[in-house]
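Trainee: I am new to this structure and would like to go through it in order. May we begin once it is displayed?

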Amino acid sequence: MVDRPDEAVPLTNSAKAPRTARGERTRRKILDAARAEFGTRGFAETGITEITRTARVALGTFYTYFDSKEEVFRALVQDMSEQVRLAVAPVLAEGRGTLEAEERALAAFLAFVGTHQQVYRIIDEAEFVDPAGFRAHYENTAARIAERLAEGAAAGVMQSPRDPLDAEVRAWAIMGMNVFLGLRFGVWGEEDPTKVAAAGNRLIREGLANG
């Protein structure tokens, strides 16, 4: 579901962005605590006090980096989206634009979800708390998949789409499959990610036609 192994992008351009390595570590602690609290309690039931308690920072420290609970949630949505991207990026360093690479990417995504199950609750709640971030997460993911599929088509290892709509449908369909496989086998199950990814890849490779 993700792209090249680039460095993590800054999550904000605001005046509150950390300017030192120590500040970045503190901000990271707050984001990790927010992930744990929002992922467990949900947005409505989580307060800044719970986040700072889990992060073991003072209330004033929180406001050094974020103005509100809503702002830290928006930053967290961006952060989780970026973490998903970076978690599977290494497997795409070689062989981009191939079905084998997509299978490795799915397996890496499933493994990531298995240890970061809060991502589903956080992204789902973003539809209502941070609609722009929610939409951006999926649009950016689909765009990266579409780019890889286009590379595969250009190299002659995948079928070329009939038109731009066909290309977009393919990308969103693959992303949708990955998302729900992650829910079933990463959050609700403990099956081998490589076996699940292989089964998903066979569906794409072989299709459902009989004969």
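Mentor: Axes are lines fitted to C-alpha atoms, for helices over the stretch in contact, and angles run from 0 to 180 degrees between N-to-C directions. Helices (H or I, at least four residues) and strands (E, at least two) are DSSP runs, numbered from the N terminus. This is a predicted model in which local features need pLDDT of at least 70 and side-chain atom pairs count only at pLDDT 80 or more, while totals for chains, interfaces and linings use all residues. Residues are numbered from 1 along each chain as its sequence is written, and side-chain values use heavy atoms, with hydrogens and water left out.

Trainee: Are the axes of helix H6 and helix H7 parallel, perpendicular, antiparallel or oblique to one another?

Mentor: Angles under 35 degrees count as roughly parallel, over 145 as roughly antiparallel, 65 to 115 as roughly perpendicular and the rest as oblique. The axes of H6 (residues 118-129) and H7 (residues 131-154) come within 6 Å and cross at roughly 130 degrees. The relation of H6 to H7 is therefore oblique.

Trainee: How many nonpolar residues does the contact of H6 with H7 have?

Mentor: Contact means heavy atoms within 4.5 Å. On the H6 side are Ile123, Ala126, Glu127, Phe128 and Val129, which meet Pro131, Phe134, His137 and Tyr138 of H7. Ala, Val, Leu, Ile, Met, Phe, Trp, Tyr, Cys and Pro count as nonpolar, Asp, Glu, Lys and Arg as charged, and the others, Gly among them, as polar. By class, this contact has one charged residue, one polar residue and, as nonpolar residues, seven.

Trainee: How many residues are in the largest nonpolar core?

Mentor: Such a core is a set of buried Ala, Val, Leu, Ile, Met, Phe, Trp, Tyr and Cys residues joined through side-chain atoms within 4.5 Å. Buried means under 20% relative accessible area, exposed over 50%, and partly exposed in between (1.4 Å probe, protein chains only). Ile30, Phe38, Ile51, Phe66 and Val72 have the most contacts inside the largest core, whose residues number 49.

Trainee: Which residues does Ile51 contact, leaving aside neighbours within four places in sequence?

Mentor: Two of the partners, Ile30 and Val72, are also among the residues with the most contacts inside the core.

Trainee: Which residues are linked with Arg28 in a network of salt bridges?

Mentor: Arg28 also pairs with Asp32 at 3.1 Å, N to O. Asp32 and Arg28 are four residues apart in helix H1, so about one helical turn separates them. The network links Arg28 with Asp32 and Asp79.

How values were computed
A salt bridge is a side-chain nitrogen of Lys or Arg within 4 Å of a carboxyl oxygen of Asp or Glu.
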